[in-house]
Structure formats: structure tokens, C-alpha cells
Amino acid sequence: MRDLPFPVRDANAIGGSGNLGNLPEWDLSDLYTAEDAPELARDLDWLEGECAAFAADYEGKLADLDDADLLACVHRNEKINAIAGRIMSFAGLRYYQLTTDAERAKFLSDMQEKITIFTTPLVFFTLEINRIEDDVLKAHFAANKDLARYEPVFRRIRAMKPYQLSDELEKFLHDLGVVGDAWERLFDETIAGLAFHVDGEELNIEGTLNLLTEQDRAKREAAARELASVFQDNVKTFARVHNTQAKEKEIVDRWRKMPTAQTGRHLSNDVEPEVVEALREAVVAAYPKLSHRYYELKRKWLGLDVMQVWDRNAPLPMEDTRIVNWEEAQKTVMNAYDAFDPRMGEIAAPFFSKGWIDAAVKPGKAPGAFAHPTVTDVHPYVMLNYLGKPRDVMTLAHELGHGVHQVLAAGQGEMLSSTPLTLAETASVFGEMLTFRKMLEQAETPEQRKVLLAGKVEDMINTVVRQIAFYDFECKLHAARREGELTPDDINALWMSVQAESLGPAFEFMDGYETFWAYIPHFVHSPFYVYAYAFGDGLVNALYSVYENGSDGFEDKYFDMLRAGGSMHHKELLAPFGLDASDPKFWDKGLSMISGFIDELEAMEG
């Protein structure tokens with residue numbers, strides 16, 4: 001079953017307000033028409049019966065199945081995943097539209113509990129797959145090409161073999177999962193319910209974070225101080241959520257004998273720990289030539305002796321502060337997608353016309369943005385909090401890239417379409433890059449080019465430097481929690497230990513900034529998710545350099561890569577482009593693109 005969606009963009013990378021035009025809303029009827037829809041009741045009944053029947057038919061018998069029967073078993077499991085995924089997508093998307101609504105929260109909780117109960121008897125499936133002898137599986141794959149198509153699924157399941165517990169304990173942990181989900185909902189509802197007061201106006205978190213991108217420095221400062229104040233008022237709740245989630249993870253990891261807190265994420269990402277460490281080391285080593293160097297330039301542009309945290313995402317003094325309405329944003333992104341390949345535009349177009357995007361900022365709506373694939377026989381849904389600044393256009397390009405990827409990968413079916421996080425960012429970051437390059441081509445003056453370059457560098461720093469700093473914070477947080485309970489001050493200190501190192505000497509940190517870890521959803525929903533952003537950015541920068549150099553048939557290879565979904569390892573996917581993420585020098589290629597943009601900005605100063 002697919003994970004529920006959650007906001008996956010740095011909430012500091014959002015923007016503006018004003019007359020934005022006709023912002024689209026979701027039409028969830030392609031999933032179900034309502035929570036009391038007869039189709040939903042029918043699917044719940046079917047799911048309950050089929051899960052029981054599946055367990056009765058196969059538990060204790062997987063190792064003895066022939067290849068045809070094993071394929072039939074896989075197909076039945078895939079159908080169960082599809083129906084459960086459809087139900088949870090509907091419940092989750094309704095909830096994220098209005099997280100403060102008690103009825104929607106109850107409906108989501110009820111669906112999670114029902115599906116957990118229904119699917120607990122299926123825990124045996126992966127456990128017994130891991131007990132099948134290697135030679136037996138190889139023989140099955142050799143005998144049946146339809147079954148062999150699922151080999152990547154079996155390989156990823158069997159990667160967990162060393163960490164597998166007894167059948168009884170695995171069922172217990174599966175049942176207990178709803179408790180962890182409740183802590184995630186507490187976080188979501190707390191964040192969505194926060195009220196911030198700036199200059200006599202009451203705002204939610206999206207509106208307040210948006211003020212950090214205002215031209216007026218006094219307004220940025222007021223927003224930053226109000227964020228700090230409200231986070232401090234709620235810091236005990238956030239610390240409790242983090243302590244509980246990290247402790248739960250430590251207990252499960254210890255019982256599974258996982259060597260590190262990060263091991264589970266690396267396994268689910270189908271990426272080797274040494275590849276992630278090479279990425280981390282390359283980015284940290286590049287801090288001085290990336291973020292430190294850029295922010296020193298920005299400090300001069302802003303005419304400051306020292307930058308404060310509320311200046312990090314400030315617009316440049318020469319920047320056009322006009323609002324980009326929805327129609328213009330759509331046209332900008334679609335033109336970039338069409339220019340790359342008309343097929344990309346054709347896939348993206350229905351998102352705008354068929355209720356697949358929910359764009360407006362609304363009270364109680366979850367912050368951030370995401371693209372959720374739902375299930376392979378429906379379509380993805382994109383959530384934005386569109387406020388009309390150029391960075392919002394880039395967020396639209398990013399999430400639409402996810403949507404295109406998810407549409408193309410759906411042909412793989414329910415068990416093979418889901419892409420590891422590290423590769424899931426490929427199409428999104430590539431979509432951003434296409435949109436940025438198209439806008440750069442259209443720049444009419446050196447000043448416009450400078451503003452666009454600076455904006456792209458800031459986005460890349462947010463995607464690479466900031467996310468690796470987040471990853472280091474999480475590594476420190478989970479290591480410290482293994483030694484005992486963490487006070488809010490303990491967590492604050494861990495946060496600050498990575499901030500100065502990553503942002504550099506151009507910054508001074510106000511009192512209160514130490515609590516800004518509190519609102520990042522990734523830390524709660526999906527520990528160690530964040531390095532996937534840096535992985536995706538570095539991968540796309542290397543990929544784009546191949547495209548720029550005129551590689552023959554690049555577009556077809558690119559679409560083939562997206563269609564592959566989760567059916568291939570990153571080495572197989574990148575090989576047609578002559579790239580290899582396990583090569584330590586690979587990451588330097590991606591980082592050199594960012595450095596090159598900063599070189600150009602410095603040359604403009606000269």
C-alpha cells in the first residue's frame with residue numbers, strides 16, 4: 001500500500017498574495033464521490049474478505065508454490081494493495097484539504113484502523129518470501145517471464161531478510177503502526193492550527209512563512225520573530241512528538257538489529273549507504289564554495305553588514321515583486337514542458353483541467369506541497385499553497401514533474417510503479433530546471449538574468465545544502481535520543497549545530513531561531529527523507545548536462561527512465577546516459593553546476 005501523502009517541499013520556498021486568478025481545487029470523485037459512497041463500502045467489504053481469503057489460501061504455503069501459482073499470488077496481493085491504496089488516498093487527501101476538521105480526521109483514523117486490521121493477516125507474505133531459497137526463486141523467474149518482471153520487488157523485500165523478526169512480532173508491529181500514525185496527525189493538526197499575528201493580521205503558518213520572502217525587511221523580521229514566539233509556545237508538544245517518534249524508531253531498529261538509524265531509509269530507497277555518504281561528504285565539503293560564497297554575495301546586494309535569518313529568502317533589491325497569477329504560472333510551466341517534448345505537455349495538461357490540482361491557501365489546509373500518486377488505475381493529485389511569487393511557479397513545475405513521472409510509471413502496476421525517494425525527485429527537479437532555463441532564455445536585461453540566476457541558486461541551496469544540513473540534524477537527533485530523553489533545549493542545540501556550518505559566516509542567528517526545526521514535516525512523517533532532495537538535484541544536474549551536450553535520443557531515454565518506475569536500480573536507470581551515482585566524482589558534477597551559476601553572478605559584480 002502506498003504511503004499517505006504529506007507536504008514534501010521546504011515551506012520557506014513559498015510566496016506572495018493578491019489577485020491570483022481562478023485557482024483549481026481537487027475533484028476527488030475519481031477515487032470516491034463521498035465518505036458514504038456505496039463504492040467505498042463495497043471496497044471495504046471486498047478488502048476484508050479478500051485479505052482473509054488470501055491468508056487462508058497462501059499462509060505457510062509460499063515456498064511450495066510453483067511459478068504460475070506464485071504469480072497468481074502476487075497478482076492477488078497487488079489487487080489488495082490497489083484497493084487499500086485507493087481508500088487511504090481518498091481519506092488522506094480529504095484530510096489534507098482541511099486538517100483541522102474533526103470529521104475528516106476521524107474518517108482518516110477510522111480508515112487507517114480498518115485497513116490495518118484487515119491487512120494484519122497478510123504480514124506473512126513478505127516473511128515467507130524471505131524464506132524461499134534463492135535457487136528456487138531463480139528457477140521460478142527463469143521459467144516464467146511474467147513472474148520475472150516482479151524480480152525487483154522480490155529483491156527489495158529480501159533486502160529486509162537480515163532484519164526480519166518472528167511472524168508474531170511482525171504482526172504486532174503492523175498492528176501498532178496506527179499509534180505512530182496518531183503522533184503524525186497530532187503534529188499535522190498542531191501545525192495547521194497555529195495562529196500567527198503580524199502587523200495586526202492573523203495568519204496561518206503558510207501565510208507567515210510567506211512573509212519571509214517579502215521585500216519589506218521590517219515585515220520579514222516581524223514574521224520571523226512571531227514564528228519563533230509561536231514555536232516556543234508549542235515547543236514542548238513538538239519535542240514530545242519527536243522524542244516519541246525517535247524512541248519508537250530506536251526500539252524497532254534495535255529489535256531488527258539494524259546497524260544504524262538510517263539503514264531502514266537506505267533499504268527503502270534501494271540505495272547503498274556508501275552512495276549516500278559520498279553525497280553527504282561532497283555537499284558538506286562544498287559548503288564554502290556554494291552557500292557561504294552565495295550568501296556573502298547576497299549580503300552585499302542587500303547592503304547589510306551581517307545577514308539575519310529573515311534575510312535568507314529575501315528578494316533582491318532589484319527584483320520585480322509583482323504577483324504571478326495562476327494563468328501565467330500555468331502557461332510558463334506548460335511552455336517549458338512542451339518545448340522539451342510535446343509528450344510531456346500532453347501528460348501534464350489534464351492536471352489543470354480535470355481537478356487534479358488543489359492550489360489555493362485555505363485555513364486548516366496542510367502546509368507545503370506534494371504530488372500523491374494514489375493508485376495506478378486512477379491518477380496523481382497535486383497539492384500546492386499557491387501565493388503568486390516566482391518560487392511558487394517553480395514549485396508548480398516541481399510537483400507537476402512528480403505528476404508526469406507518476407502517470408508514466410503507472411504502467412508498471414501497483415507493486416513496481418512506486419519509485420524510491422532518491423529517484424522520485426528526478427522528474428520534479430528536471431521539470432524545475434526546464435522551467436528555469438526557459439525563463440532564463442526569455443530574460444531581456446542583465447538585471448533580469450541576475451535575479452533569475454540568484455533565485456535558482458537559492459532554490460538549489462535550499463534543495464542541496466539545506467536538506468543535507470537537515471539530514472545531519474536528524475542523524476544527530478536520533479543518535480542523541482538513543483542515549484535518553486531530549487529536552488527542547490537539547491533539540492534546539494542540535495539544530496543550531498548544523499545551521500551555522502551550512503549557512504556560513506554571512507549570518508547572525510536571532511534568539512528563537514533555535515526552535516525552527518519544529519515545523520519541518522519530514523522529520524516526523526518520514527525520517528531521513530530529506531537527503532533524497534539533494535540526491536535528486538545532483539542527479540538531475542548531471543542528467544541535464546548530458547541533455548545540454550546534445551545526447552542522441554535523450555528525450556526517449558528520459559521517458560523510458562520515468563516509465564521504469566521502481567522496476568530498476570539507479571545504476572541500470574542511469575547507465576543509458578553514461579552516468580553512475582556510485583562514482584564519488586558523480587556528485588561533483590552536479591555541485592559544479594551550482595558553483596558555475598555563482599561564478600556567473602560574481603562575474604556580473606566585476
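1. Starting with Glu 189: setting aside neighbours within four places in sequence, Glu 189 is in contact with Tyr 95, Thr 99 and Ala 105, contact being heavy atoms within 4.5 Å. The residue sits in helix α8 (residues 167-193); helices (H or I, at least four residues) and strands (E, at least two) are DSSP runs, numbered from the N terminus. With a relative accessible area of 30%, Glu 189 is partly exposed. For the cut-offs, buried is under 20% relative accessible area, exposed is over 50%, and partly exposed is in between (1.4 Å probe, protein chains only). Leu 23 is 166 residues away from Glu 189 along the chain, and their C-alpha atoms are separated by 24 Å.

2. Ground rules, before going on. This is a predicted model, where local features need pLDDT of at least 70 and side-chain atom pairs count only at pLDDT 80 or more, while totals for chains, interfaces and linings use all residues. Residues are numbered from 1 along each chain as its sequence is written, and side-chain values use heavy atoms, with hydrogens and water left out.

3. On to the salt bridges (a side-chain nitrogen of Lys or Arg within 4 Å of a carboxyl oxygen of Asp or Glu). The count comes to 42. One of them pairs Arg 155 with Asp 270, with the closest N and O atoms 3.0 Å apart. Arg 155 belongs to helix α7 (residues 151-158) and Asp 270 to the loop between α12 (263-268) and α13 (273-286), so this pair ties together parts that are 115 residues apart in sequence. Arg 155 is partly exposed at 30% relative accessibility, whereas Asp 270 is buried at 12%.

4. Another worth a look is Lys 389 with Glu 214, where the closest N and O atoms are 3.7 Å apart. This pair also links distant parts of the chain: Lys 389 is in the loop between β6 (381-383) and α17 (390-409), Glu 214 is in the loop between α9 (205-210) and α10 (217-233), and they are 175 residues apart. Lys 389 is buried, with a relative accessible area of 14%.

5. Two more to check. Asp 580 bridges to Lys 571, the closest N and O atoms being 3.0 Å apart; Asp 580 is partly exposed at 30%, and Lys 571 is partly exposed at 39%. Glu 25, Asp 358, Lys 362 and Lys 365 are linked in a salt-bridge network.

6. Now two helices, with expected span taken as 1.5 Å times one less than the number of residues. The 17 residues of α21 (residues 465-481) should span 24 Å, and the end C-alpha atoms are 24 Å apart, which agrees. In α21, 14 of the 17 residues are buried, so the helix is largely enclosed by the rest of the structure. Helix α27 (residues 584-605) has 22 residues and reaches 33 Å from first C-alpha to last, close to the 32 Å expected. Its buried residues include Phe 586, Trp 587 and Phe 597, and what covers the buried residues of α27 includes α13, α14 (288-301), α19, α20, α24 (531-548) and α26 (570-574).

7. Which helices each supply at least two residues of the lining of the second largest pocket? They are α15 (326-340), α17, α19 (426-441) and α20 (446-463), and the largest share, nine residues, comes from α20.
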